[in-house]
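Visitor: I am new to reading protein models. Could you walk me through a few features?

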Amino acid sequence: MNNYLQVIILYAIKKFQGERSIYAIYHMLQGKKSSQTIQDAHLFGLTNIFGTIPRFTRQQLNQNIQLFHEHNFIEITDKTDAYIISGQGGRKLTDYLKKNPFPTSLNGWKYQNITPIFWGRLNLLIQTISHIVHNERRFYPIQRNPKIQCFVKEFLQNNRQDRGLIAQHLYEELISLLELQSNLKRDIFILKLTGVNRIGLTFEQIAKRKDVEEEYVRFTFLDSLHQMLAEIEQVTDYPILASLFSDWQRSGNPHLTHSTQTTLRYIQAGKTLFEIAEIRRLKVNTIEDHLVEIVLSDKSFPIAEYVSHEAERKIIAAIKELNTKQLKAIKQEVDNKQISFFQIRLVLAKLGDG
């Protein structure tokens, strides 16, 4: 292996254990908001890389699968387009990750939508304030997105205190967060920043400077941002940074799709799945997909109304006995016409990640 993208793909193949096709990896990395992809992310412990490469292509995937074949890193299964990692592939993956550890704070499932917005707002705010405190009012904004520019303008209008004071507080918040991170994450984050008389470096430029692979730099930077977001959410010591994504936090369940959030409101209002389907003019299967997504996001959500305790017990026993997450195999094991695929999916969702 010679790049970090290959590591990510091989890591996903290892996690899937031959139970999903390679194209599940394609959808996973792109962050496809389909019920199947969302459920797979949770069932196989891949929420960390969900949506982390939105521009990932089928061509990239196929090229790397072919390369893995040539080097005997993977072995084909009896399922179409499904592979398992070979002993040699497993050793290669372990050796590579010893030198370039896998990101530990990465949470693509939770933060994929807010990360670019948070970073865009933060980077532009730092650039703007640094120019203001140096009495340089004219500069070329590093962020061209009009919504991000508008947000920063409103932020500064709503925070009328001395700009030097804002700069000082923002600096202190960032330093406090960066002190919790590894040297590499800290360095990459700082090198990406734009201010007076300096332009943030590209991932390629940072990779050359640090003598590491470019995709590894990008994933490490994502890891840094996700660690920040998680810390800001948990602790109240970062008022300025928290305000940069408070609108996202207020949106209820931000990692649920918009349609699923609507279904959740109807469930909370006491509507049955059939009633919700009729009201929303959707198929019952679609509403069931929404409920599975809700349970995946909130393990405390009660499912007793949809799965009896006895059915749940039988499903869990079948999952443990077969050591699989394949619906068809679990259904055959329980051998009960009263237990549906939907109920099996709900129990799998309730059991948790990985």
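**Reading salt bridges and a buried helix**

Guide: Gladly. Keep in mind that this model is predicted. We begin with one residue. E233 is partly exposed, at a relative accessible area of 30%.

Visitor: Which side chain does E233 meet in a salt bridge?

Guide: First the general idea. Side chains of opposite charge can pair when their charged atoms come close. Here, E233 pairs with K110, with 3.0 Å from N to O. The two sit in distant parts of the chain, 123 residues apart. E233 belongs to helix α12 (residues 214-234), and K110 to helix α6 (residues 108-111). K110 is partly exposed, with a relative accessible area of 27%.

Visitor: How many salt bridges does the structure hold?

Guide: There are 10 salt bridges. One of them joins D247 and R121. Their closest N and O atoms are 3.0 Å apart. This pair links distant parts of the chain too: D247 is in helix α14 (residues 246-249), R121 is in helix α7 (residues 115-133), and 126 residues separate them.

Visitor: Is R121 buried or exposed?

Guide: Use the cut-off: buried means under 20% relative accessible area. R121 has 9%, so it is buried.

Visitor: Which residue does D289 meet in a salt bridge?

Guide: D289 meets R345, and the N to O distance is 3.0 Å. D289 lies in helix α17 (residues 284-297) and R345 in helix α20 (residues 341-351), so the bridge ties together parts 56 residues apart in sequence. Check the accessible areas as before. D289 is partly exposed, at 21%. R345 is buried, at 12%.

Visitor: Which residues of α3 are buried?

Guide: They are T37, I38, Q39, D40, A41, H42 and L43.

Visitor: What covers the buried residues of α3?

Guide: Look for the elements in contact with them. The cover includes α1 (4-16) and α2 (22-30), along with α6, α17 and α20. α6 holds K110. α17 holds D289, and α20 holds R345.

Notes: Residues numbered from 1 in each chain as written. Predicted model: local features only at pLDDT ≥ 70, side-chain atom pairs only at ≥ 80, totals over all residues. Heavy atoms only, no water. Salt bridge = Lys/Arg side-chain N within 4 Å of Asp/Glu carboxyl O. Helix = DSSP H or I, 4+ residues; strand = E, 2+ residues; numbered from the N terminus. Buried < 20%, exposed > 50% of the residue type's maximum accessible area, 1.4 Å probe, protein only. Contact = heavy atoms within 4.5 Å.
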